[in-house]
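Me: I am new to this structure and want to know what the labels rest on. Please set each value against its definition.

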Amino acid sequence: MKGMAVAGRWLWQVGEVALPLLATVVLVALGLRLLGALPSVWLGPPVTVFASVEEAERAVGARIWLPVYFPEYLDFPPEAIRVEREPVARVWLSFWGRGEAEGARLTITQVLTTQDTLPPEVLAPAATFGRPVDIAGYIGFVGEEAEGYRIYWRAADRHVLVTATLPLQEMLGIVRSLR
C-alpha cells in the first residue's frame, strides 16, 4: 500500500512537470501549423521561376509579349522568367547586357488583366511616371529613374511596365516592338 502511495506521488510530480511541457509543445506545434497555413499573408504570393517563356505562358494561360526588335548587346532568351499568379497574373522577363554593355538591364513586367486600375503594390499608378508617349497606338508614360527609364502603358488585356538602363530611344524601339 505504501508503495502505491509513493508511486502515486511520483506520478503526480512527473505530471506537474510534464503537463506544462506537453502543453507548450502542443501550442508551439499549433502555432507553426498556423504559420505554415498563412505564408502568403506575411511573405506575399509565391513567385515561380520558369526556364522558358513557353512554360510561363502555359502557367498563366496567356501569350507573353516579347520584343520583335532586340539589341544585340542584350542576352536573349531572358536571364530570368518569373510569374506571380495572385492577386493577378504578373510576369517579369529580365534581360542582361553582355560584353561592353554588361551593366545594361531590361525588365519587362506584364500584368495580365482587363482591370483598368491595379493596387499600387501590383503596379505603381501611371500618374507617377511622367510625360506621355505613343506606344503602338496606346498612350504610355515615360519616367526617369536614377539609372535609366521606365515606360508604362495599358493595353486591352494587360498592363505593361518596362524598366531599363538603356538610352530612351533604344528603349522606345524595344517597347514599340512588343507583340
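**Labels and their grounds**

Me: Which residues does Gly130 touch, not counting residues up to four places away in sequence?

Reply: Gly130 touches Phe141 and Val142. A contact means heavy atoms within 4.5 Å. This is a predicted model, in which local features need pLDDT of at least 70, side-chain atom pairs count only at pLDDT 80 or more, and totals for chains, interfaces and linings use all residues. Residues are numbered from 1 along each chain as its sequence is written, and side-chain values use heavy atoms, with hydrogens and water left out.

Me: Where is the place of Gly130?

Reply: Gly130 sits in the loop between strand 4 (105-112) and strand 5 (131-135). Strands are DSSP runs of E with at least two residues, helices are runs of H or I with at least four, and both are numbered from the N terminus. Gly140 comes ten residues from Gly130 in sequence, and their C-alpha atoms are 9.5 Å apart.

Me: Why does Gly130 count as partly exposed?

Reply: Its relative accessibility is 46%. Buried means under 20% relative accessible area and exposed over 50%, with a 1.4 Å probe and protein chains only; partly exposed lies in between. At 46%, Gly130 is therefore partly exposed.

Me: What makes Pro87 exposed?

Reply: Pro87 has a relative accessible area of 55%, so it passes the cut-off for exposed. Pro87 lies in the loop between strand 2 (80-84) and strand 3 (89-96). From Pro87 to Pro119 is 32 residues along the chain, but their C-alpha atoms are separated by 9.7 Å.

Me: Why is Ser94 called buried?

Reply: The relative accessible area of Ser94 is 10%, so the label is buried. Ser94 is part of strand 3. Leaving aside neighbours within four places in sequence, Ser94 is in contact with Pro78, Glu79, Ala80, Leu106 and Thr107.

Me: How many helices and strands are there in the protein chain?

Reply: The protein chain has four helices and eight strands. From the N terminus on, their order is α-α-β-α-β-β-β-β-β-β-β-α. Of the 179 residues, 37% count as buried.

Me: What makes the largest nonpolar core a core, and which residues have the most contacts inside it?

Reply: A nonpolar core is a set of buried Ala, Val, Leu, Ile, Met, Phe, Trp, Tyr and Cys residues joined through side-chain atoms within 4.5 Å. The largest one here has 35 residues. Those with the most contacts inside it are Leu93, Leu106, Ile108, Ile151, Trp153 and Val162. Elements giving two or more residues to this core include helix 3 (53-60), strand 3, strand 7 (148-154) and strand 8 (159-164). Helix 4 gives the most to this core, with five residues. Apart from it lies another core, of eight residues, including Val122, Leu123, Phe129 and Tyr152.

Me: Why are the buried residues of helix 3 said to be on the same side?

Reply: The buried residues of helix 3 are Val53, Ala56 and Val60. They cover an arc of only 60 degrees around the axis, which puts them on the same side of helix 3. The arc is that of the directions from the helix axis to the C-beta atoms. An α-helix has 3.6 residues a turn, so residues three or four places apart point the same way. The buried residues of helix 3 pack against strand 1 (47-50), strand 2, strand 3 and strand 4.

Me: What makes Phe70 and Phe76 an aromatic pair, and what kind is it?

Reply: There are three aromatic pairs in the structure. In the pair of Phe70 and Phe76, the centres are 5.2 Å apart and the planes stand at 70 degrees. Rings of Phe, Tyr and Trp (its six-membered ring) pair if their centres lie within 6.5 Å; planes under 30 degrees apart count as stacked, over 60 as edge-to-face and the rest as tilted. So Phe70 and Phe76 are edge-to-face. Phe70 is buried, at 18%, whereas Phe76 is partly exposed, at 44%. Ring pairs link Phe70, Phe76 and Phe95 into a cluster.

Me: How do you know that Arg82 lies over the face of Trp92?

Reply: Arg82 is 4.7 Å from the ring centre of Trp92. A charge sits over a ring if NZ of Lys or CZ of Arg is within 6 Å of the ring centre and within 35 degrees of the ring normal. Arg82 is listed as lying over the face of Trp92.
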